[in-house]
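Thanks for coming, everyone; I would like to take a few minutes on a helix pair and then on a chain contact. Please look at the model as I put it up.

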Amino acid sequence: MSKKDVPPQPDSLATPESTQGLLRELVAHLRQNRTQLREEWARRITRAQLLTAMTEEEIFAEATSVYDNYVEALETGTFEALQAYARNLSERIIPRGVETHEVVGIVLLLRDVLARSLFAKYHEDFTKLNRILDAYEPAANRIANTVAVGFVQERERIIRQQQEAIRELSTPVLQVRERLLILPIIGVIDPQRNRQLTEQLLRAIRTNRAKVVVIDITGVAAMDSNVANQLVQTVEASRLLGATVIVTGLSPEIAQTLVTIGVDLSEMATVGDLQGGIEEAERLLGYKVVPYAEAAQQA
Amino acid sequence: MEVPILKQGHYLIASIQSALSDADLSQLREALIARVGKFRARGVIVDVTALDVMDSFAVRTLRDIAHMARLRGAETVIVGIQPEVAFAMVQLGLTLKGVATALDLEEGLLFLDREGHGRIDRG
């Protein structure tokens with residue numbers, strides 16, 4: 001009394017409306033079996049050893065809200081709420097060390113669990129099953145995509161934020177004497193870092209009323225003509241604010257490279273090491289450092 | 001807008017208060033060079049603290065002022081270039097080569113005092 005009695009009815013037409021109808025039916029099914037499907041999913045997550053950083057209760061709680069959001073996205077066909085939820089979820093679980101493959105893994109597991117339940121429900125009516133799957137699969141894939149992309153974007157945002165923080169930390173401008181600043185540069189200088197470094201230095205020159213700046217590049221491993229020209233720009237910009245720049249710590253390799261590729265550094269005052277640079281700066285500022293005993297003798 | 005030029009001892013101080021047109025800049029240059037002779041000034045200070053943009057014409061005019069004033073016997077210092085302006089200038093390759101610069105008016109005066117003393121000692 002199956003196929004012949006109940007021929008494909010209004011939703012036999014493959015129009016968007018019929019897809020809508022099928023999705024509605026699907027959502028009703030998922031709502032009805034919420035508890036059971038959710039538990040099945042949480043079980044499979046544990047069995048697949050995903051989300052090991054979280055306790056079982058947490059997994060179940062998250063699974064519940066993911067499930068509800070998932071069903072809602074299927075129902076409404078809009079992904080904004082899910083996107084927001086995915087971002088929020090990522091924000092919470094990324095600090096706990098949850099990996100991309102785990103997030104993608106659990107969403108795919110949910111897709112499989114739901115697909116299995118559809119098989120179980122419609123296995124007698126193959127045509128109907130096919131049509132239900134036709135409606136379900138694109139939506140499910142889009143949901144998986146949305147969650148995965150949301151997670152990766154959130155991770156990238158955090159990485160960018162941290163990069164920025166590291167950059168800020170890595171270029172301290174220090175005052176060693178009245179009107180004398182030192183700027184030790186360590187690591188790679190790229191255009192973005194150079195820009196930030198120069199802006200920071202110029203601001204510091206202004207607030208500290210610096211007359212001399214010693215830039216120490218002992219920690220810079222390599223230099224090409226681009227970086228060298230950027231350094232010259234930094235020196236020039238400082239001079240426009242009335243500060244003299246002394247560059248120290250050019251390694252033998254860098255010195256050879258710069259001369260070989262023909263970068264003109266004649267405008268730049270260079271001293272061998274940081275100590276020499278500070279001594280030269282003190283001379284320019286009119287300081288004279290004398291050992292205490294010697295000074296007492298002279299007095 | 002005309003830039004006021006103040007006389008302070010042996011020095012002339014031109015303090016730019018707002019963005020200037022090219023004509024204003026040329027006028028400033030002529031006025032300064034004329035007054036260097038009239039007041040027998042030994043130093044010129046141009047204060048650009050109020051400028052948050054400097055184009056190539058402005059930079060060239062400042063450089064011209066410095067070179068012309070030197071020919072007339074006065075040293076020029078440009079003071080008060082903003083950090084952002086300095087950064088933009090070097091990116092555009094406008095670096096005021098051969099022109100003295102100082103942080104602010106006070107530093108500019110100190111610089112001229114030192115230069116001046118040197119000259120008197122030599123003379």
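In α7(A), the residues A:P191, A:N194, A:T198, A:L201, A:L202 and A:I205 meet A:Q230, A:T234, A:A237 and A:S238 of α8(A), where contact means that the C-beta atoms, placed from the backbone, lie within 7 Å, and where helices (H or I, at least four residues) and strands (E, at least two) are DSSP runs numbered from the N terminus. By class, this contact has five nonpolar, five polar and no charged residues, counting Ala, Val, Leu, Ile, Met, Phe, Trp, Tyr, Cys and Pro as nonpolar, Asp, Glu, Lys and Arg as charged, and the others, Gly among them, as polar.

This is a predicted model, in which local features need pLDDT of at least 70 and side-chain atom pairs count only at pLDDT 80 or more, while totals for chains, interfaces and linings use all residues. Residues are numbered from 1 along each chain as its sequence is written, and chains are lettered from A and ligands numbered from 1 in the order in which they are written.

Turning to chain B, it holds four helices and five strands, in the sequence order β-β-α-β-α-β-α-β-α.

How many residues of chain B are in contact with chain A? There are 13, and they touch 13 residues of chain A; α3 (83–91) and β5 (100–102) of chain B each supply at least two residues of that side, with the largest share, six residues, coming from α3(B). By class, that side of chain B has nine nonpolar, three polar and one charged residues.

Notes
Two residues are in contact if their C-beta atoms, placed from the backbone, lie within 7 Å.
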